[in-house]
Amino acid sequence: MSPESLDNPLREGLRAERTASPCTVVIFGASGDLTKRKLVPALYRLSQERLVPAEFAIVGISRTPLSHDDFRERMRSAVSTFSESKHLDEEVWRNFAQGIYYLSGDIANPELYNNLSQLLSEIDAERGTSGNRVFYLSTAPSQYSEAIKQLGAADLARSVTPDSFTRIIIEKPFGYDLASAKQLNEEVAAVFDEDQVYRIDHYLGKETVQNLLVFRFANGIFEPIWNRQYIDHIQITNAEAIGVEGRGAYYESSGVTRDMLQNHVFQVLSLVAMEPPVSLSANAVRDEKIKAMQAVRPIHHDQVDAFAVRGQYGPGSSGGHAVPGYREEPGVNPDSATETYAMLKLNFDNWRWAGVPFYLRSGKRLPKRLTEIAIQFKQAPHLLFSKLVEQHFEPNVLVVRVQPDEGITLRIGAKIPGQTTRIRWVNMDFRYGASFGVSSPEAYERLLLDCILGDSTLYARRDMTERGWEIVMPVLDAWRNSRPDFPNYEAGAWGPAAADEFLEREGREWRRP
């Protein structure tokens with residue numbers, strides 16, 4: 001059995017607290033924001049918590065000429081600034097920094113990989129990293145193919161010994177559309193085996209997303225009602241208060257559907273909709289996720305308006321301050337048709353969810369930052385108390401808050417104390433911080449450690465990335481061939497009026513967090 005095997009008994013349950021094997025993490029794109037804001041601070045925290053061993057190293061790769069010491073100093077500043085604790089433990093940092101190295105070079109130049117191979121051998125000898133390697137592609141997506149091809153040509157994609165491992169982490173986006181996603185997957189498969197490949201989606205590293213499995217399958221009271229018999233509909237909201245934050249040129253070629261819906265939101269959706277897996281092994285969980293997404297009813301090109309709404313923010317206010325519209329942002333076309341808000345209605349053609357619509361929405365410059373799943377249950381069949389409620393009779397709603405203020409809320413009707421029978425809607429609230437007294441680990445901490453441990457449960461599999469594109473491509477194609485009336489919502493609003501009218505026509509309304 002190979003060290004990458006997903007049927008290893010150690011994977012037959014949620015990951016226990018285990019120290020990882022010796023390892024070298026090689027980061028392509030080491031001068032970028034992701035490395036300094038997320039990756040190195042996360043690896044430092046794992047070292048601080050002794051979840052990675054002393055036999056651990058990092059190699060940063062970028063075009064910028066730097067010495068090992070220069071790069072270490074930059075990473076020290078990054079950890080001090082962006083680490084969760086904001087406090088640098090000098091002793092931990094001293095030991096951690098000794099394992100940080102740097103190589104400058106062009107990703108397309110074979111010489112870089114010859115130098116990398118030599119450096120990795122030296123690190124194995126000096127640090128005792130046992131030939132175990134994780135390559136992290138944190139470059140522009142246009143460089144993924146070249147880096148993968150060069151790793152293969154330099155014989156760096158194979159394990160050094162029968163007992164060592166070599167893995168690769170690929171950042172999103174996984175392609176620009178279905179055709180490019182398939183091409184990228186083919187290029188990856190030509191060099192790496194699928195069980196070596198870890199397609200990272202940081203949303204799956206969030207504590208509440210992981211807790212969905214526990215919440216659904218470890219509690220006997222929820223799974224029996226998690227179906228079409230009791231649930232009226234489900235809303236998944238991913239909202240950002242910020243605009244494009246100087247990334248106008250990137251966003252022009254992306255839009256919110258590509259940037260958020262077909263990856264982050266679909267990953268969350270699959271955990272809500274999936275059937276119970278036969279075990280908690282990586283492939284068992286991911287098999288059920290893809291089975292659920294394969295049951296999504298296709299959206300035909302000529303019916304897109306019946307299943308989707310798009311929007312773009314205009315000038316407005318955010319946080320009490322006036323903000324420009326999307327078309328006034330730097331790097332944005334003044335006549336841009338790029339959507340900053342998208343809403344999809346999805347139907348599942350399977351036994352559990354037949355007739356239950358899933359409404360997904362994601363947008364920028366909305367009133368607040370949040371990601372939540374709202375499960376709205378059907379109303380009681382006989383409204384005994386309809387004349388006794390202070391406002392309108394509300395259905396029960398179960399809300400899973402992914403970010404911020406991670407937790408779970410159940411909204412129920414309760415009698416107001418007093419001689420008369422009056423009903424008010426109240427929340428039964430669970431919050432991670434209040435219940436456990438500890439902060440959740442940062443998503444990249446969890447995901448990086450899982451990769452080093454060889455646990456791919458929280459990573460996207462090839463078929464899942466392609467299925468996401470299959471679902472949204474008819475929508476994107478239809479939108480590309482029509483001219484929208486943009487902007488159609490003010491910055492600081494909950495999206496375009498058309499999205500509210502969409503649900504009103506179906507006798508429902510968006511939840512206002």
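Reader: Is Arg-199 buried or exposed?

Author: Keep in mind that this is a predicted model. A residue counts as buried when its relative accessible area is under 20%. Arg-199 has a relative accessible area of 2%, so Arg-199 is buried.

Reader: Which residue forms a salt bridge with Arg-199?

Author: The partner is Glu-194, and the closest N and O atoms of the pair are 2.8 Å apart. Glu-194 is partly exposed, because its relative accessible area is 31%.

Reader: How many salt bridges are there?

Author: The count comes to 32. One of them joins the side chains of Glu-186 and Arg-462, with 2.6 Å from N to O. That pair links distant parts of the chain: Glu-186 belongs to helix α6 (residues 178–189) and Arg-462 to helix α13 (residues 462–480), 276 residues apart. Glu-186 is partly exposed at 48% relative accessible area, and Arg-462 is partly exposed at 23%.

Reader: Now the nonpolar residues. Which residues touch the most other members of the largest nonpolar core?

Author: The general idea is that nonpolar side chains in soluble globular proteins tend to be buried together. Here the largest nonpolar core has 118 residues, and Phe-358 and Ile-373 touch the most other members. Helix α9 (residues 256–273) gives the most to this core, with 10 residues. Another core, of 30 residues, lies apart from the largest one, and its members include Phe-135 and Phe-192.

Reader: What is the volume of the second largest pocket?

Author: Empty space is found by rolling a probe the size of a water molecule over the atoms. For the second largest pocket the volume is about 730 Å³.

Reader: Which residues of its lining lie nearest the centre of the second largest pocket?

Author: They are Val-397, Arg-411, Arg-511, Arg-512 and Pro-513, out of 34 lining residues. The lining divides into 10 nonpolar, nine polar and 15 charged residues. Strand β14 (370–377) is among the strands that each supply at least two lining residues, and β14 gives the most, with six.

Note on methods
Residues are numbered from 1 along each chain as its sequence is written. This is a predicted model: local features need pLDDT of at least 70, side-chain atom pairs count only at pLDDT 80 or more; totals for chains, interfaces and linings use all residues. Side-chain values use heavy atoms; hydrogens and water are left out. A salt bridge is a side-chain nitrogen of Lys or Arg within 4 Å of a carboxyl oxygen of Asp or Glu. Helices (H or I, at least four residues) and strands (E, at least two) are DSSP runs, numbered from the N terminus. Buried means under 20% relative accessible area, exposed over 50%, partly exposed in between (1.4 Å probe, protein chains only). A nonpolar core is a set of buried Ala, Val, Leu, Ile, Met, Phe, Trp, Tyr and Cys residues joined through side-chain atoms within 4.5 Å. On a 1 Å grid over the protein atoms alone, a cavity is a set of points where a 1.4 Å probe fits but cannot get out, and a pocket is an open set with protein on both sides within 12 Å along at least five of seven lines; lining residues have an atom within 4 Å of a point. Grid points are joined across faces, edges and corners, and a volume is the space filled by probe spheres set on the points. Ala, Val, Leu, Ile, Met, Phe, Trp, Tyr, Cys and Pro count as nonpolar, Asp, Glu, Lys and Arg as charged, and the others, Gly among them, as polar.
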